[in-house]
Amino acid sequence: MSRRAEDKKLDYIILDIEFNGRKFASDLPMEVIEIGAVRLNSSLQQTDEFSSLIKPVYYAKLNSFIRKKTGIPQDDIDVASGFTKVITDFIQWLNKSESFMLFTWGGEDLKRIVLDTRMHKLDDAYWMAADYFDLLKGYIRYKKVTNDVSVEAALLDLNIEAEGSAHRALDDARMTSEVFRKVFHELDLSQKQQYKDQFSNAKERRFIKTAIRSMIAQKKLQEWDKFLENYLAAKITLTDEKKLAELKEYYAAEIVRAQQPKTGN
């Protein structure tokens, strides 16, 4: 168990969003359509909530998958405020805390907020500087498992009765806050981070990790340039210099990680 002394003024903000997915590929961006958040004080007591729908720009009509998944009525979306108004209100709500840390289940929620902020040509500095903690990763470390789990699965595993509607932002934030409370003392909050743009995707990073394992097993570990030539060139499009630099850094880090001795429980 790893804990550190917490600032008594620090609030914990449990954040969840819903965004309009697409059943088929499209060049149009995905957009946040709902933000929900719960504020907990340093004693883990809930003190406030935030909830708002957002009217999308590119998909005025929600597709049937999203309507079924979230249960959000089209009529409610039609009269919702736009992203600029809602995100301004949300920042004002966040700033009621003297200091805060965001908690999300996975990294997608904050990423979507950053991308929509940029899409609407707003300053992203507030979000880039915000401390956040990926509670999914924290939960996985606590449970010593490797596969991702849903909030619903975590609730079940922790014997917490689920309340509310899954895939509605505020209800999901409330349920996530229950998981957070349950495992709080098992979390290492020094693992907090700030949003960082990522230019590669999970499939590409997984390919590198698998290739490294194979090379180590065969005792044929290669320097980056050789690895690039022999493994990546035929598998991944590498015209983006930012992606290439990111994958090189990831390659080096994964080699170090893969060569570390395994420790028993």
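Let me start with one term: a residue counts as exposed when its relative accessible area is over 50%, as buried when it is under 20%, and as partly exposed in between. Keep those cut-offs in mind. What we have here is a predicted model.

Take Lys144. Lys144 has a relative accessibility of 59%, so it counts as exposed. Where is Lys144 found? Lys144 sits in the loop that joins helix H6, residues 135-143, to helix H7, residues 151-157. Now look at its backbone. Lys144 is not a glycine, yet its phi is positive, at about 60°.

Asn159 is the next stop. Asn159 is also not a glycine, and its phi is positive too, near 60°. Asn159 belongs to the loop between H7 and H8. Its relative accessible area is 72%, and so Asn159 is exposed.

Let's step back into helix H6. Leu136 is part of that helix. Buried or exposed, what is Leu136? Leu136 is buried, because its relative accessibility is 9%, and the cut-off for buried is under 20%. Leu136 and Gly106 are 30 residues apart along the chain. Their C-alpha atoms, however, are separated by 5.3 Å.

Compare that with another pair. Thr84 lies in helix H3, which covers residues 83-94. Thr84 has a relative accessible area of 37%, so it is partly exposed. Between Thr84 and Ile14 there are 70 residues along the chain, and their C-alpha atoms are separated by 21 Å.

Next, how helices pack. Two packed helices are described by two things: the angle between their axes and the distance between those axes.

Start with H6 and H8. Their axes come within 11 Å of each other, and they cross at roughly 40°. H6 and H8 are therefore oblique to each other. This crossing is left-handed.

Now H10 and H11. H10 runs over residues 224-232. The axes of H10 and H11 also come within 11 Å, but the crossing angle is roughly 115°. That makes H10 roughly perpendicular to H11. The H10 and H11 crossing is right-handed.

How many salt bridges does the structure hold? There are 14 salt bridges.

Glu249 is exposed, because its relative accessible area is 51%. Lys196 is exposed as well, at 58% relative accessibility.

The next pair is Lys243 and Glu204. Their side chains meet in a salt bridge, at 2.8 Å from N to O. Lys243 lies in helix H11 and Glu204 in helix H9, so this pair ties together parts that are 39 residues apart in sequence. Are Lys243 and Glu204 buried or exposed, and what do the cut-offs say? Both Lys243 and Glu204 are buried.

The last pair is Glu254 and Arg257. Here the closest N and O atoms of the salt bridge are 2.2 Å apart. Glu254 and Arg257 both sit in helix H11, three residues apart, so about one helical turn separates them. Glu254 has a relative accessible area of 8%, so it is buried. Arg257 has 46%, so it is partly exposed. Elsewhere, salt bridges that share partners join Glu49, Asp171 and Arg174 into one network.

Which residues make the nonpolar surface patch of about 270 Å²? Leu28, Val57 and Tyr58 make that patch. Leu28 lies in the loop between strand E1, residues 10-19, and strand E2, residues 32-40. Its relative accessibility is 35%, so Leu28 counts as partly exposed.

To recap the helix pairs: H6 and H8 are oblique, while H10 is roughly perpendicular to H11. That's my tour.

Key: Residues numbered from 1 in each chain as written. Predicted model: local features only at pLDDT ≥ 70, side-chain atom pairs only at ≥ 80, totals over all residues. Heavy atoms only, no water. Patch = residues over 30% accessible without salt bridge, like charges linked within 9 Å, V, L, I, M, F, W, Y side chains within 5 Å. Areas by Shrake-Rupley, 256 points an atom, 1.4 Å probe, with all protein chains shown as cover. Salt bridge = Lys/Arg side-chain N within 4 Å of Asp/Glu carboxyl O. Helix = DSSP H or I, 4+ residues; strand = E, 2+ residues; numbered from the N terminus. Buried < 20%, exposed > 50% of the residue type's maximum accessible area, 1.4 Å probe, protein only. Axes fitted to C-alpha atoms, helices over the stretch in contact; angles between N-to-C directions. Parallel < 35°, antiparallel > 145°, perpendicular 65-115°, else oblique. Left-handed = near helix turned anticlockwise from the far one by under 90°.
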